[in-house]
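The exercises below are meant to be worked with the sequence and the model side by side. Try each task before reading its solution.

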Amino acid sequence: MDQTRLRELEDQCIQECAPPCAAHCPVHVDVRALTSAVAGGDFQSAFKTLSKTIPFPEIIARTCDQPCQAACYRKTVGGDIQVAALELTSIQHSDHLIAKPMLLPRRDARVLIIGGGLSGLTAAFELVKKGYQVALYERENRLGGRLWNYPEDQLHGDVIQREIERIVDLGVKVHTNTEVTPLLVTTLQFDACYLGTGNSASNPFNLLTNPDHTLQVNMDTFQTSQANVFAGGSLLHTPSTIFSVSDGRRAAISIDRFLQNVSLTASRVNEGAYDTRLITNISKVEKVETIPLFKAGYSAKDAIEEAKRCLQCDCMECVKVCEYLKHYGSYPRKYVREIYNNLSIIMRTRTSNKMINSCTQCGLCAEVCPSDLNMGEVTHEVRQTMVKTNKMPPSAHDFALRDMAFSNDPRVALTLVPGEGSTCDALFFPGCQLTASNPEYIPQLYQSLASALPNLGVMLRCCGAPADWSGEENLFTQTMQEFKTQWLALGKPKLVLACTSCLRMFSTALPEMETISAWQVFEEHNLFPTGRQYTRPLAIHDPCTSRHVEAWQDAVRSGLDAMGIVHHELEMSRDLTECCGYGGVAWLAHPELVHDILNRRASEDNADYLTYCVMCRDLLAGKGKSTLHLLDLVYGKDLDQLARRKGPDYSQRHENRLRAKQKMIKLIAERDQPMTESYESYMLLLTPELRATLEDRLILIEDVQKVIEHAETTGESFKNQQTGHTLAFYKPNLITYWVEYSHEGDTWKVHNAYSHRMELEGGA
Amino acid sequence: MSNPSLESLKGQWTCGKCGSLLEVASVNVSYLGSGYPVDLLVCKNCKRPLVPAELALGKMLEVEKLMEDK
């Protein structure tokens, strides 16, 4: 990820875009902060927010035409927020004191302001603050121009005078009763001029005009046909106090740039009113009507109620649906920056490694993101970079990768075709986890499929998903290559799959290969049994890798219909489905987070769940959610028990794969295949509690057996004088395993087992 | 890397290979290219160190994680 990519990703997240109210306000009053303060009864802060942006807070509060309301998301759910009324209440219920602004050091350049209306006064205010010498000419006998046209009960003269005086007192030289004629202009000395003369039609500089006699003015810079003369206010548009303030301020920016001889146009995006990219989802917002507003304005209590109606617009669509994005307390724009920084760290601790490795890469964020930002793709790409640059913590994915290596070891993997030939027309690829969870289903499923698909081969191995999820690009390519070599040798058979993660991997790496799901074969050939019954309500949990795989999603639903199973949809289903936490190897990086992910998914519906990914099933059932695999309905007997069963532990999963292999050899080649390793002869005795502890420590039964075999054959061990226990270690590869055991009869009683990765002088 | 339980283990363990009582000695432990000395029970003859469970599951794991994020 380089700086450009970071910027692209940051820009894709719209969370920090301004809410529509502030974007449509031409001076960008932070309406969201203002309503938030009022809602909390903090009128003082609300007033501060207002006066920070507007030099005439009370004039604006009493006269603003509220362009903010046009785009208010509250509009359709009870009515737009009464922002001006809330501003006025903030003034009335605070000290409404405005501190004198800091003036920059004096600059000699002189600025002439013609017209003492709101735009001219704003320009004068902004330029005096910047240290310029400002002279303001007004043809009437008082400043304020059009403001005096408002009825007194709306805008009292005292308010006009008070707020204008504060500006003038900063050091503006005011000349009232002075009309600036072409003749007078020739006698005045100035470096730049702002023309805010309203509709008076005076044109002392003889500037170019449009056919309708209005001045020719650049609407981005407010520059006229004479380079040092700028114009704005109601000579440009229908009278609006807030747009006059905006024009005066923006023209002052141009005048300052002109006088400093820098670009008038550079970096001036979103200066006036604009359309924001922020999108707020209001589909779940309850309607709340506007608090009625009377002429006298809101009481403090009513203002608070009205302000509470503000939706505090933001996006957060992805964070709302993703436990992972929620867990880290922020949102993608911040996360991509954090990830980028983490990659850039050279000497210090890289604190975001765990965060990067905890994403399930399920892609739900992209589904709900208004601009399709996919954090799964980001973390995937970043993991690949970490692996390439040797910055991936060695323990991060090691266990999953070793599990994959086990599945693809010649001892465990199997490729077999029926009959005498060496090729097949279709190849059943159940996937390593279905094989590990339910080895008994593999021959059954093969037989069902073979009844419809002649010359059906079988391949037991892992598709390579753990390598892909871990960012191990080379290992993934190599795993795919090994598969492809065999697939070519088998005569490019059509692949019959039972796992959507396998499908995802194959369609990414070998798009030329034809695939079909076992469920589609069942559907096409009427293989689903009929008249099945499940006594409780059943909701479909689509696996996350089935997102956008409509053919699989549909086949499962018609399969349920064919079997007579009543089912319903979860709120988040099909393309909006949620990951169970197994995806992206998140379960290894952050088990506590996966616990939350599972709880969220499990509590979405009171019904039992039906899924067609065995890891989803095992993880959900492991958290106490009764969940069936589609195959349970096809082949299972006691469905209640099947829905509640816990999945096998890691050691059992290894054994199951071996057992499935034996069964398939027996079924297709009609021979027995003894598969025992020498260490398997060490019969272990351990309590269920210890077995669960070893599961948490990611230590397999075979690891324990290897340690004992090593100790017993080499004598390399320690003896405890008090307990008589033996303690021994063995380091088959990177991890050192320790086992404390005693020999009891024919068995080896295990008292404890643990491991470490640190290496010790002396071999451990 | 401190090892408070070392004293309590002393005198309990003998080497399965040569039978001698384990003694406290400084052993170098290393991970990902960095190393530290740590006091452990060691067989002086066979040079094999004993890593107690508390150390492997406690301090060692902590340091491993720390070094992996460096």
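**Exercise 1.** At what angle do helix α20 (residues 441-452) of chain A and helix α31 (residues 650-668) of chain A pack, and how far apart are their axes?

*Solution.* Before starting, note that this is a predicted model, in which local features need pLDDT of at least 70 and side-chain atom pairs count only at pLDDT 80 or more, while totals for chains, interfaces and linings use all residues. Residues are numbered from 1 along each chain as its sequence is written, and chains are lettered from A and ligands numbered from 1 in the order in which they are written.

Step 1: helices (H or I, at least four residues) and strands (E, at least two) are DSSP runs, numbered from the N terminus. Axes are lines fitted to C-alpha atoms, for helices over the stretch in contact, and angles run from 0 to 180 degrees between N-to-C directions.

Step 2: α20(A) and α31(A) pack at about 35 degrees, with their axes 9 Å apart. The contact (C-beta atoms, placed from the backbone, within 7 Å) is made by Ile442(A), Pro443(A) and Tyr446(A) on α20(A) and by Ala660(A), Lys663(A), Met664(A) and Leu667(A) on α31(A).

Step 3: these residues divide into 6 nonpolar, no polar and 1 charged, where Ala, Val, Leu, Ile, Met, Phe, Trp, Tyr, Cys and Pro count as nonpolar, Asp, Glu, Lys and Arg as charged, and the others, Gly among them, as polar.

**Exercise 2.** Which residues of α22(A) are buried, and which are exposed on the other side?

*Solution.* Step 1: the 17 residues of α22(A) (473-489) should span 24 Å at 1.5 Å a residue, and the end C-alpha atoms, 24 Å apart, agree with this; the expected span is 1.5 Å times one less than the number of residues.

Step 1: a residue is buried if 20 or more other C-beta atoms, placed from the backbone, lie within 10 Å of its own, exposed if 12 or fewer, and partly exposed in between. The buried residues of α22(A) are Phe476(A), Thr479(A), Met480(A), Phe483(A) and Trp487(A). They fall within an arc of 95 degrees seen down the axis, so they line one face of the helix; the arc is that of the directions from the helix axis to the C-beta atoms. An α-helix has 3.6 residues a turn, so residues three or four places apart point the same way.

Step 2: on the other side, Asn474(A), Thr485(A), Leu488(A) and Ala489(A) are exposed, whereas the cover over the buried residues includes α21 (465-470) and α23 of chain A. Just after the helix, Gly491(A) takes a positive phi of about 90 degrees.

**Exercise 3.** Which element of chain B gives the most to the side that touches chain A?

*Solution.* Step 1: chain B has 2 helices and 4 strands, running α-β-β-β-β-α from the N terminus.

Step 1: 27 residues of chain B are in contact with 30 residues of chain A. On the chain B side, α2(B) gives the most, with 7 residues.

Step 2: the residues of that side divide into 15 nonpolar, 5 polar and 7 charged.

Technical notes:
Two residues are in contact if their C-beta atoms, placed from the backbone, lie within 7 Å.
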